[in-house]
Amino acid sequence: MTIFDPSMSTCSILQPHHDFKMSEIQSAIIPPTPDTVFILVNCSIDSPVLNHYKSLCFNFSGHSCDELYGSCTSFKLFHLLSNSTPACCFTGYETVKYMSMDILDCTHYTSVYNTDRLEGVGPLDWLYGMKLSFSVPDTGCARCAKSGGTCGFDVETEMAQCICSSTSNSTRDCGK
């Protein structure tokens, strides 16, 4: 599932200062996938991610802060205001999960997904947003389908049910 935070800055839209927040339960059930990269933008030279916690930033498919600030209309403003290229940090969800932009000393963030396909692709063509991962518990539907049935749900018992025909149902399989 892919989502887009409407308060997040992108290459073409600069949003006001904003943190990305998920509740603990959301974070546990539907965390962003490993191929979602968060980009901390306009970080100060005193930013913890550029000093004490450099290991939180990583090389993102050969992309650089210069490329981001040079290509993106919305981020060029930071380059113009500082007469240099402000620092940025390519990082994972675990960094932004626990730390606010104020703590990280960066003014904005953006995120991109399907990062394994973005090598050699410029920021204008990145896929902005977050891909979330989740799994559905095994309810026995595979076993039901293999036996020729269709997986269903009984609203009275609130359990999975294997629908074998218009007149026959089973809890597990159609028992051929």
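Trainee: Why is Leu77 called partly exposed?

Mentor: Leu77 has a relative accessible area of 39%; buried means under 20%, exposed over 50%, and partly exposed in between, with a 1.4 Å probe and protein chains only. Leu77 is therefore partly exposed. This is a predicted model, in which local features need pLDDT of at least 70, side-chain atom pairs count only at pLDDT 80 or more, and totals for chains, interfaces and linings use all residues. Residues are numbered from 1 along each chain as its sequence is written, and side-chain values use heavy atoms, without hydrogens and water.

Trainee: What makes Cys43 and Cys106 a disulfide?

Mentor: Their sulfur atoms lie 2.0 Å apart, and a disulfide is a pair of cysteine sulfur atoms within 2.5 Å. The torsion about the S-S bond is about 100 degrees, so this disulfide is right-handed. Cys43 belongs to strand 2 (residues 37-43) and Cys106 to strand 4 (residues 106-113), 63 residues apart; strands are DSSP runs of E with at least two residues, and helices are runs of H or I with at least four, numbered from the N terminus.

Trainee: Why is Cys43 called buried?

Mentor: Cys43 has 5% relative accessibility, so Cys43 counts as buried. Cys106, at 2%, is buried too.

Trainee: How do you know that Cys141 and Cys151 are joined by a disulfide?

Mentor: The S to S distance of Cys141 and Cys151 is 1.9 Å, which means that the pair meets the disulfide definition. Cys141 counts as partly exposed at 27% relative accessibility, as does Cys151 at 32%.
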